[in-house]
Amino acid sequence: MDFCIVSVRVLNRYENCKYTGEKEYIETQTHDLTDLEEIIHILRNHCPWDKAQTLETLKTTMADESNEVLDAIDNDDADNLCEELGDVLLQLVFMADIAAEKGLFTMDDVIQGISDKMIRRHPHVFGDVVVHSEQEIHDIWKQVKAKEKNEKASRQKRRLYSLDISKCI
């Protein structure tokens, strides 16, 4: 009787997690936003838990981390506030990376959008509007925000209308 001995190796999904890229990331080095974006991207590709996350699964974590920021402010705890703001930033970068993977938008889009919004909502700083009180600043903010809301609603209506037309073609 002939026997064939076969070696069976069960693959562990955690076995090939190690990042072996060109850039080395060391905990105590100084890091910036670009580094954080790269670290998150690496985690999405190498850590099974991070890879499994979705925008939906991160909702609770974002809410929890945001509440921890509020608690740190309430407790006047600067060290904890710094840590918790970092946790919120992590969630923002994490969610933007997931969105980029889906082709929805990138972190650059997020930064561009919020920068444009802040410039638009502060014409007394970045434009030629003159204000004489904090109330005027608040009124301008509300006017700009209302205009943005109307423009967004118009864009959504046009998008829906174009979808309806495309169904007819």
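Visitor: What volume does the second largest pocket have?
Guide: The second largest pocket has a volume of about 210 Å³. A pocket here is an open set of points on a 1 Å grid over the protein atoms alone, where a 1.4 Å probe fits, with protein on both sides within 12 Å along at least five of seven lines. The volume is the space filled by probe spheres set on the points, which are joined across faces, edges and corners.

Visitor: What kind of model is this?
Guide: This is a predicted model, in which local features need pLDDT of at least 70 and side-chain atom pairs count only at pLDDT 80 or more, while totals for chains, interfaces and linings use all residues. Residues are numbered from 1 along each chain as its sequence is written, and side-chain values use heavy atoms, with hydrogens and water left out.

Visitor: Which residues line the second largest pocket?
Guide: Its lining (residues with an atom within 4 Å of a point) consists of Val110, Gly113, Ile114, Lys117, Arg120 and Lys152. Helix 5, residues 107-120, gives the largest share, 5 residues. By class, 2 are nonpolar, 1 is polar and 3 are charged. In this scheme Ala, Val, Leu, Ile, Met, Phe, Trp, Tyr, Cys and Pro are nonpolar, Asp, Glu, Lys and Arg are charged, and the others, Gly among them, are polar.

Visitor: And how much space lies in the largest pocket?
Guide: The largest pocket holds about 240 Å³. Its lining is made up of His31, Asp32, Leu33, Asp35, Leu36, Ile39, Gly86, Asp87, Leu89 and Leu90.

Visitor: Stepping back, how many helices and strands are in the chain?
Guide: The protein chain has 7 helices and 0 strands, assigned as DSSP runs numbered from the N terminus (H or I of at least four residues for helices, E of at least two for strands). Along the sequence the pattern reads α-α-α-α-α-α-α.

Visitor: What percentage of the residues is buried?
Guide: Of the 169 residues in the protein chain, 17% are buried. Buried means under 20% relative accessible area, exposed over 50%, and partly exposed in between, with a 1.4 Å probe and protein chains only.

Visitor: Which residues form the largest nonpolar core?
Guide: That core has 12 residues: Leu36, Ile40, Leu58, Met62, Val69, Val88, Val93, Phe94, Met95, Ala96, Ile98 and Met107. Two or more residues of this core come from each of helix 1, helix 3 (59-74) and helix 4, and helix 4 gives the largest share, 6 residues. Such a core is a set of buried Ala, Val, Leu, Ile, Met, Phe, Trp, Tyr and Cys residues joined through side-chain atoms within 4.5 Å.

Visitor: What does Val69 touch?
Guide: Leaving aside residues up to four places away in sequence, Val69 touches Leu81, Glu84, Leu85 and Val88. Contact means heavy atoms within 4.5 Å.

Visitor: Now the charges: how many salt bridges are found in the whole structure?
Guide: The search finds 6 salt bridges, each with a side-chain nitrogen of Lys or Arg within 4 Å of a carboxyl oxygen of Asp or Glu. One of the pairs is Glu38 with Lys23, whose closest N and O atoms are 3.5 Å apart. Glu38 lies in helix 1 and Lys23 in the segment before helix 1, so this pair ties together parts that are 15 residues apart in sequence.

Visitor: Which residues form a network with those two, Lys23 and Glu38?
Guide: Lys23, Asp35 and Glu38 are linked in a network of salt bridges. Glu38 is partly exposed at 30% relative accessible area, and Lys23 is partly exposed at 38%.

Visitor: Which residue does Arg121 meet in a salt bridge?
Guide: The side chain of Arg121 meets that of Glu148 at 2.5 Å, N to O. Arg121 is in the loop between helix 5 and helix 6 and Glu148 in helix 7 (residues 134-168), and the pair links distant parts of the chain, 27 residues apart.

Visitor: Is Arg121 buried or exposed?
Guide: Arg121 is buried, with a relative accessible area of 8%, and Glu148 is buried at 13%. Not counting residues up to four places away in sequence, Arg121 touches Trp141, Val144, Lys145 and Glu148.

Visitor: Which residue does Glu56 pair with?
Guide: Glu56 and Lys59 meet in a salt bridge at 3.2 Å, N to O. Glu56 is exposed at 53% relative accessible area, whereas Lys59 counts as partly exposed at 48%.
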